[in-house]
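My notes follow in the order in which I looked.

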Amino acid sequence: MQFFSSGLFWFLEGIFACLFIIGFKYWAEDRGYIMSFWKWLLLGIWIVLFGFTLAFVGTSLGEGEPNAALFGGIIFGLITIISAVGLWRIVIRKS
Amino acid sequence: MAGKKLKKTINRRQFLKRAGAGSAVLGGAGMGFFGYQSGKDPESYTGWETHEGAQQSFNRKRWSVDKPHYKKVGPTKRADARTEVIFSRRPSLQRQWRDETGIDGLDEVLQDYYRRNPQDLELDLYAMKEIAPKQRADMQKYGDPFTLAMAWSNAMGAVSPPRINRPPAETDFLRNRRTGEPVESMKMKSPEKTSKLIKKISHELGSTLVGIAKLNPDWVYLYPMRGRGFESDQEIDIPKHWQYAIVVGSPMSWDPMYANPTYGTSNDAYSRSRIIAFRVASFIKQLGYAARPHTPGTDYDLMVPPILIDAGLGEQGRPSIVITPELGCNFRPAIITTNLPLKPDKPIDFGVQRFCKTCKICAENCPSGAISMGGMVEVRGYLRYKLDTAKCLNFWDSTLGSMGCRICVAVCPYTRKANWLHKTARDVIINDPTGLSDTVLTALQKRFYPGPDPQKYYIPSLGGENASYRKPPWWLRSEDFIDF
């Protein structure tokens, strides 16, 4: 069993996700951003997209497919960045 | 006191905010490393995870259909293996061909076939006169890098059960040593239980795939291949005990398969499937029932792909071979015909017909042009994709290394590693009723996983560069181990 496919790894990822959500909540509260449920939903979807992009690039490199890593990184990376900008604009809305 | 508490609260918030930011970085990095390990993980080599059948995990019940996808569109007829099976026809041509007499010097069967299919005569002669000498010359000149690939391929083929070269009545039964009579059949409790048992035994004996079909007589050759115990000029009278067909199948090793055509081999899966089939046959015979293995490379009395379809293991794809949900087309099957009462499996329809219509990656990457870019055609009364076997084998015979091609196997989107990425892509394709994902994922596949220009797969004498689809694994790089 290798670490990154082990149960312990996903346990740690879960802890990281929880810490991120708590930290993000405090950060938003301190700046006066109101996090409605749909903002949390959009944030959750974006986190999945972000994780997918990184995992895609990593998987492609691991498979010995640098071309897939490059083009996948560019395509999914751009989608991730553009959606992050969009998400940011939504999150900082006070209403 | 209140001031102290406030300060403590702020510190905790600060801490959690920073921990959250750190967690985002660590979590993101973890996803990248997870991906990297998934990509490298040998456990994602389809079909190699276990020999206990766990890899045959696709839920076939959900996709099972009453009738197989191939359509009967006219009067059917059985194949004449002497001419329609290229592994039988070409050796006959080699034995009989004389330049001075030409086609008139061939026996009636070959003459008749080649007069109806002059393009095959041209391609078969081209293989004999042009390709073979050029391949030999190039092997001398450029063959060193493929030394380990050849050694490995030959090693995989070194162990093999003896060929069955006697008729079914003599070989298919276990006989009492004293009386010479077939041993008595044991009374099995039910076909369902027996099928379950046979599948478990086949997995235990090393088979990744197992399926059971009622044998359709249309799939048995009308005239036999050489060396199977039948008279070559007599039609095969299908034995009554060939009632069911058990299909077993084993994957080809992943990394060499990905380095086709020069480093890959069929011998590994051929050898495993052959040994498994003989073992399953032995098991059945010891229960007092008849069993006859039909095994790769050329020891068959029947056509294999339609039996796989009938047994619900997969569907015929554009390259004319069967695509399974688990292994794509990266496997080699063998068949056991038997009269052991079994419960046949149902065929499946998991969308390969629709997908192959739009994908065409195999046809675009096929160096010989043997895979059609067009639609299905009628073959002996059935509508199906047809491979130009003469063109295909001409390329097989031209390559260096352990010989062969299998580029269609390597590039097929269904033949990818069993990691999260490709499993998800496969599941999206299979479950999408609109077909939109076929187009999108095929486009991504072409963009992300391109192969060399197909011409580069050829040997230098035929205008190529001995290219392979991907680089060979470290253990087949001869120049790293041998001082040439």
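Entry 1, the chain contact. I looked first at where the two chains touch, keeping in mind that this is a predicted model. I found 31 residues of chain B in contact with 32 residues of chain A. On the chain B side, the elements that give two or more residues are helix H1 (2-40) and helix H18 (436-448). H1(B) gives the most, with 22 residues. I sorted the residues of this side of chain B by type and got 13 nonpolar, 11 polar and 7 charged.

Entry 2, H6(B) and H15(B). I noted that two packed helices are described by the angle and the distance between their axes. For helix H6 (residues 118-142) and helix H15 (residues 389-398) of chain B, the axes come within 9 Å and cross at roughly 5°. An angle under 35 degrees counts as roughly parallel, so I put H6(B) and H15(B) down as roughly parallel to each other. Among the residues that meet here are B:Leu123, B:Tyr126 and B:Ile131 in H6(B), and B:Leu393 and B:Asn394 in H15(B). The residues of this contact divide into 7 nonpolar, 3 polar and 4 charged.

The axes of helix H13 (residues 352-359) of chain B and H18(B) come within 10 Å and cross at roughly 45°. That makes H13(B) oblique to H18(B). I recorded the crossing as right-handed. B:Arg354, B:Phe355, B:Thr358 and B:Cys359 in H13(B) meet B:Asp438, B:Thr439 and B:Thr442 in H18(B). By type, I have 2 nonpolar, 3 polar and 2 charged residues in this contact.

Terms used
Residues are numbered from 1 along each chain as its sequence is written. Chains are lettered from A and ligands numbered from 1 in the order in which they are written. This is a predicted model: local features need pLDDT of at least 70, side-chain atom pairs count only at pLDDT 80 or more; totals for chains, interfaces and linings use all residues. Two residues are in contact if their C-beta atoms, placed from the backbone, lie within 7 Å. Helices (H or I, at least four residues) and strands (E, at least two) are DSSP runs, numbered from the N terminus. Ala, Val, Leu, Ile, Met, Phe, Trp, Tyr, Cys and Pro count as nonpolar, Asp, Glu, Lys and Arg as charged, and the others, Gly among them, as polar. Axes are lines fitted to C-alpha atoms, for helices over the stretch in contact, and angles run from 0 to 180 degrees between N-to-C directions. Angles under 35 degrees count as roughly parallel, over 145 as roughly antiparallel, 65 to 115 as roughly perpendicular and the rest as oblique. A crossing is left-handed if the near helix is turned anticlockwise from the far one by less than a right angle, and right-handed if clockwise.
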